[in-house]
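Hi there,

Here is the structure I promised to pass along.

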Amino acid sequence: MMDFELAPELRMLRDAVRRFVERELLPLEPRYANEADIPAEIRSRLQEKAKELGFWAFDLPPEVGGGGIGAVGMCVVFEELAKCNVPSFRAPTVLTPYLGPVLFHCNREQKEKYLLPVARGEKRTCFALTEPGAGSDPAAMRTTARADGDHFIINGAKVFITGADKADFVQVFARTMDGDRDLGISCFLVDKGTPGLQLGQSFELMSPDRPWELLFDNVRVAASQLVGEVGKGWDLAREFLDMGRLIHGPKSIGRAQRALDLAIAYANTRHTFGQPLAKRQAIQWMIADSLVELHAARSMVFHAAWKVDQGQDYHLEASAVKLYADEMLIRVVDRAIQIHGGLGLSRELPLELMYRDARSRTITEGSSEMQRMIISAGALSGRYGANRFEA
Ligand SMILES: Cc1cc2nc3c(=O)[nH]c(=O)nc-3n(C[C@H](O)[C@H](O)[C@H](O)COP(=O)(O)OP(=O)(O)OC[C@H]3O[C@@H](n4cnc5c(N)ncnc54)[C@H](O)[C@@H]3O)c2cc1C
């Protein structure tokens, strides 16, 4: 049996979130769309409202106070949130802390100190894997964590870390063993304010995101700050990246849907040579291509999310979703700008921002080339088989 219908409760949630986006978030867009974040007081007000409406932490499991709506539900909500260009909704932290899977590996003490406060929206965190010499190839990392009695001493530098400026603690990956690219990596939770941990420069990008450099100079952390086991950090990073890549999907389809809606509305109203643009085949084909690609991406997203909810491996699907949905978004926004002519380039419309923002998506959380490497490695080794995506 195959069912493409959204469950009635998910449809209701989607409609309610859509209204929240229209009433609460879109009015903030003209003021904050080009900022790296919204002011703390606006964020708190929106978080309170989200809690009142029962949206808060919709994606987290009930054990940590979340809505437990599963991966399909999460994708439905993220798609709606992505239609808005208010900064927090590029990483939609007003409705959810979006923990990422690493913190679910916390032990009991760590859970009280880190996982639960983040789930309640009281603390913020960031994920620090990338280094100046280790982006696509994180196993080349040079940050070290040397054991020193019942402590570790961390030294190194991380770059492009989203939210490092606002984080109360850092999930940092460091090398605990020389030589072994896979087994030599461990993950630590490091509190802001720990001596030797410093915020470095921020990176000004073409999108409004402002990721940060983090410097570790003899940062001494207790062994109790280790997440999971020594040498198993790589599994945690992969888990985080798989989920992050899946979530690129709904964010890209939400953005693309908005761009397409704008393009359709404009094509129907703008007249040239005595007729609406919508009467021209050149325009019709752009609309058709965008619609079909958007539909393909959405189908891939929900298939991958369904696999997550079934407890199935979705490593390959996450890469396929990220690759296709992010590249699709660039094409769809590009066509929407083309249809709008000069207006599409102007700051009167959100399209130019969406274009700048879309461009970064095929690089963050693993570039398109890395996703193609993962997918082809899976197919060519026979590990997944060429018919992996068969029903
Ligand atoms: C806005 C933003 C936010 C980010 N947030 C975070 C964060 O929160 N935490 C974090 O840890 N990191 C973060 N990153 C870092 C991001 O994950 C890396 O930028 C990304 O993985 C690419 O690494 P790189 O920039 O070092 O490029 P490189 O690895 O130097 O690659 C350069 C180019 O070469 C290509 N390439 C590399 N190797 C190969 C190969 N073998 N075959 C073919 N092509 C190849 C790549 O695809 C890319 O196009 C962020 C980056 C950005 C831009």
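Let me start with Arg14, which touches Val76 and Glu80, leaving aside residues up to four places away in sequence. Please keep in mind that this is a predicted model. Arg14 and Val76 are 62 residues apart in sequence, yet their C-alpha atoms are 6.4 Å apart in space. Arg14 itself lies in helix H1.

H3 covers residues 40-52, 13 residues in total, and spans 18 Å from its first C-alpha to its last, close to the 18 Å expected. Its buried residues are Leu46, Gln47 and Ala50. Viewed down the axis of H3, these buried residues fall within an arc of 105 degrees, so they line one face of the helix. The face of H3 turned away from that buried side carries Glu41, Ser44, Glu48 and Glu52, which are exposed. After H3 comes Gly54, with a positive phi near 80 degrees.

Now for the core. The largest nonpolar core has 108 residues, and the members touching the most others are Phe188, Ala259, Val301, Val333 and Ala336. Helix H6 (residues 233-269) supplies the largest share of this core, with 15 residues. As for Val301, its contacts include Cys75, Gly249, Pro250 and Ile253, along with Val321 and Ala325, again not counting residues up to four places away in sequence.

Best wishes

Terms used:
Residues numbered from 1 in each chain as written. Predicted model: local features only at pLDDT ≥ 70, side-chain atom pairs only at ≥ 80, totals over all residues. Core = buried A, V, L, I, M, F, W, Y, C linked by C-beta atoms within 7 Å. Buried ≥ 20, exposed ≤ 12 C-beta atoms within 10 Å, placed from the backbone. Helix = DSSP H or I, 4+ residues; strand = E, 2+ residues; numbered from the N terminus. Contact = placed C-beta atoms within 7 Å. Expected span 1.5 Å × (residues − 1). Arc of directions from axis to C-beta.
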